[in-house]
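Reader: I have a structure to go through and I'm new to this. Can we take it piece by piece?

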Amino acid sequence: MSAQGILLFSGGLDSLLAARVLMDQGLDILCLHFVSPFFNNAGAKKRWKRLYDLDVEIADAGREMVDLVANWPEHGFGKVLNPCVDCKIALLRLAKKRMEEEGAHFIATGEVIGQRPMSQRRDVMNLIRREAGVEGLLLRPLCAQHLDPTPFELSGLVDRTKLLALHGRGRQEQLELARKYGLENIPSPGGGCLLTERENARHYWPLRTYRSTPSVADFTLANFGRQLWSIQGQRALWMVVARNNRDNERLREAAQERDLLAGLCDFPGPIALLRDGADWERQDLERAAAQFVSYAPRAMQASEETPGQTVRVWLRNAAGQQVIAVVPNRERTDFARPSWEEVKAQKHELASRMDALHKERLAAQKKARQLAWEREHCKTDHASGDGNGLAPETN
Ligand code: SF4
């Protein structure tokens with residue numbers, strides 16, 4: 001039997017309560033959990049089944065989210081790099097597709113009016129619904145009593161009297177409801193995805209600035225290890241140095257055809273990944289290797305005991321291996337990551353430019369509308385014999 005409704009399920013308390021509110025009135029709900037480099041709790045699928053008896057479907061939103069972050073989102077970024085309004089629009093559009101495939105009647109979310117300043121104000125919630133193309137399809141069961149009845153409430157498919165009237169930022173009512181439902185291991189309130197954290201923004205910003213078309217794999221790689229960039233004008237070299245064995249494995253898995261992996265020939269130590277390293281100049285590889293060595297304590301100790309001694313580093317990909325000998329760069333000055341202040345300043349500058357472009361676009365649209373109106377008006381005048389028979393002037 002196909003589901004009657006599709007619920008956007010983050011795994012946070014609100015989406016869990018939304019699932020219970022709907023399922024408790026006998027509705028068949030498909031919980032959809034989206035994943036991307038910025039949010040991914042797919043590993044909890046079994047736990048959700050065990051604790052809450054929910055079958056959750058995992059759905060990929062990586063490309064859509066990366067497009068938003070890599071380009072300038074229509075409704076801008078929040079305090080950090082979170083494009084919350086456009087994110088919700090994108091996820092609702094994906095959910096709508098899934099709803100149509102499933103033959104379901106509606107989409108539900110765990111949103112609570114007034115809970116978040118950027119995306120859960122009444123006017124913004126209306127805008128999101130309109131731009132996602134889900135007017136007449138979207139149900140917000142936790143705050144439905146504050147909203148107009150939806151077609152599925154009016155038709156009787158959903159019992160409006162069993163929907164809730166939550167409002168605002170407080171969490172007390174949600175916690176009481178969770179206790180009422182006997183929910184164990186109550187999830188903490190969702191604090192937002194990785195895009196809301198400054199530390200992550202410092203990793204993501206160079207990607208969107210210096211890589212022409214950053215991929216889902218790029219943003220995934222930006223989530224772990226030491227993220228280091230060497231920027232020279234518009235030329236940017238990206239090196240990731242593992243912090244632990246888990247990172248070593250992830251770097252091996254993340255390596256692509258033009259990447260180089262780096263390691264120490266004679267000492268234990270981390271692995272590094274040089275994105276597109278096969279295209280780097282020899283001197284860039286040496287600079288990267290010299291800094292990479294500084295993250296290997298045993299190699300550093302040996303080089304301190306014999307000043308000036310070089311350390312051998314291997315660099316390899318499927319095409320072959322080379323070994324270079326370098327003196328460690330103790331100061332770690334060649335590769336770095338931008339500070340949050342630098343990211344913030346660049347983001348503000350870009351926001352002003354985008355704002356100016358937006359205003360220009362609006363002015364051009366207004367002018368085009370005015371010209372169209374004038375042409376139409378002139379035609380009417382000609383038809384009624386009032387015109388002078390000349391084409392309207394447009395400038
Ligand atoms: S916090 Fe992240 S996942 Fe949540 S709406 Fe904003 S961008 Fe989307």
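Author: A term to begin with: two strands pair if DSSP finds at least two bridges between them. Keep in mind that this is a predicted model.

Reader: OK, strand 8. Which strands is strand 8 joined to by bridges?

Author: Strand 8 is joined to strand 9 (residues 272–274) by three bridges, and to strand 10 (residues 311–317) by four bridges. Both pairings run antiparallel.

Reader: What is the bridge partner of glycine 263 in strand 10?

Author: Tryptophan 314. On the strand 9 side, leucine 261 has leucine 273 as its bridge partner.

Reader: Why is strand 8 largely enclosed by the rest of the structure?

Author: Five of its five residues, 260–264, are buried, so strand 8 is largely enclosed.

Reader: Which residues are on which side of strand 8?

Author: Leu260, Ala262 and Leu264 lie on one side, Leu261 and Gly263 on the other, and all are buried. In a regular strand the side chains alternate between the two faces of the sheet.

Reader: New topic. Which residues are around the ligand?

Author: Phe39, Pro83, Cys84, Cys87, Lys88, Gly192, Cys193 and Thr196. By class, that shell has five nonpolar, two polar and one charged residues.

Reader: Is cysteine 87 buried or exposed?

Author: Cysteine 87 counts as buried, because its relative accessibility is 13% and the cut-off is under 20%.

Technical notes. Residues are numbered from 1 along each chain as its sequence is written. This is a predicted model: local features need pLDDT of at least 70, side-chain atom pairs count only at pLDDT 80 or more; totals for chains, interfaces and linings use all residues. Side-chain values use heavy atoms; hydrogens and water are left out. Buried means under 20% relative accessible area, exposed over 50%, partly exposed in between (1.4 Å probe, protein chains only). Helices (H or I, at least four residues) and strands (E, at least two) are DSSP runs, numbered from the N terminus. A residue is near a molecule or strand if one of its heavy atoms lies within 4 Å of it. Ala, Val, Leu, Ile, Met, Phe, Trp, Tyr, Cys and Pro count as nonpolar, Asp, Glu, Lys and Arg as charged, and the others, Gly among them, as polar.
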